[in-house]
Amino acid sequence: MHIPGRTGYRTPPRAGETRRYLAVGLDCYLCLVTAGLLARPHVDTASPSGDVALLLGPVLALSFLNQVVLTALVGAGAGKLIMGIRVVSLPDGGRPGPGQLVRRWLHGLCWLPLQPWYGLRAHLARTGDGHGPAARGCEEGDPYAEPYADPAGVRQVRRSDLAAHRRAAAGRAAGRVV
């Protein structure tokens with residue numbers, strides 16, 4: 001999708017926030033349930049501190065397989081596939097490379113557990129009138145602002161938007177106006 005006056009904007013719009021958060025929730029749920037099922041036979045023989053390690057290893061491995069390997073193969077992890085989201089590389093809208101996916105996975109491992117801290121910090125930073133500072137990078141009035149730009153250079157888009165974008169790009173390449 002090309003927006004007049006915005007050079008380099010060649011990817012479909014970002015998927016909605018609710019859809020993305022539901023996909024993350026599904027990914028977490030599926031990962032934890034699968035890791036729990038894999039660790040269950042060994043829980044009785046492990047010490048309490050060993051239980052954490054017994055669960056942490058499979059969680060990290062399954063998370064990597066879902067977020068990096070599955071996304072490299074089919075364009076999205078399990079939760080995103082269920083929610084109709086695909087992960088594309090910026091700015092061209094193609095498949096992200098392995099390096100981008102590993103950076104995205106590592107960023108997610110750091111970002112997700114820190115969300116309660118960020119929420120608490122934002123709550124404490126609010127003034128008495130209930131208004132706190134604007135989210136970093138979120139400019140009011142700019143409909144194309146990327147308030148939460150992905151540091152790995154990828155974007156989550158709806159599958160239907162990506163298909164329409166690719167049809168339009170194929171039409172432009174063939175010299176037709178779509």
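**Close-up views, one by one**

**View 1. Arg158 is partly exposed, with a relative accessible area of 32%.** The side chains of Arg158 and Asp161 meet at 3.7 Å, N to O. To count as a salt bridge, a side-chain nitrogen of Lys or Arg has to be within 4 Å of a carboxyl oxygen of Asp or Glu. By that rule, there are two salt bridges to look at.

A word on what you're looking at: this is a predicted model, where local features need pLDDT of at least 70 and side-chain atom pairs count only at pLDDT 80 or more, while totals for chains, interfaces and linings use all residues. Residues are numbered from 1 along each chain as its sequence is written, and side-chain values use heavy atoms, with hydrogens and water left out.

**View 2. Lys80 and Asp27 form the other salt bridge, with their closest N and O atoms 3.1 Å apart.** Lys80 sits in helix 3 (residues 78-83) and Asp27 in helix 1, so the pair ties together parts that are 53 residues apart in sequence. Helices (H or I, at least four residues) and strands (E, at least two) are DSSP runs, numbered from the N terminus. Both partners, Lys80 and Asp27, are buried. For Asp27, the relative accessibility is 7%. Side chains of opposite charge can pair when their charged atoms come close.

View 3. Leaving aside residues up to four places away in sequence, Asp27 touches Asn66, Gln67, Gly77, Ala78, Gly79 and Lys80. A contact means heavy atoms within 4.5 Å. Gly25 is in helix 1 as well, and it's partly exposed, with a relative accessible area of 38%. From Gly25 to Gly79 it is 7.5 Å, C-alpha to C-alpha, although they're 54 residues apart in sequence.

**View 4. One aromatic pair turns up in a search of the whole structure.** Phe64 and Trp105 make this edge-to-face pair, 5.1 Å centre to centre, with 80° between the planes. Phe64 is in helix 2 (residues 48-74) and Trp105 in helix 4 (residues 98-111), so the pair links parts that are 41 residues apart in sequence. The rule: rings of Phe, Tyr and Trp (its six-membered ring) pair if their centres lie within 6.5 Å, and planes under 30 degrees apart count as stacked, over 60 as edge-to-face and the rest as tilted. Phe64 is partly exposed at 29% relative accessibility, whereas Trp105 is buried at 14%.

**View 5. Helix 2 and helix 4 cross at roughly 145°, their axes coming within 9 Å.** Axes are lines fitted to C-alpha atoms, for helices over the stretch in contact, and angles run from 0 to 180 degrees between N-to-C directions. The crossing is right-handed. Leu60, Ser63, Phe64, Gln67, Val68, Thr71 and Ala72 of helix 2 make the contact with Leu101, Val102, Arg104, Trp105 and Leu109 of helix 4.

**View 6. Zooming out, the protein has six helices and two strands.** Along the sequence they follow the pattern α-α-α-β-α-α-β-α. Of the 178 residues, 25% count as buried.

Definitions and conventions
Buried means under 20% relative accessible area, exposed over 50%, partly exposed in between (1.4 Å probe, protein chains only). A crossing is left-handed if the near helix is turned anticlockwise from the far one by less than a right angle, and right-handed if clockwise.
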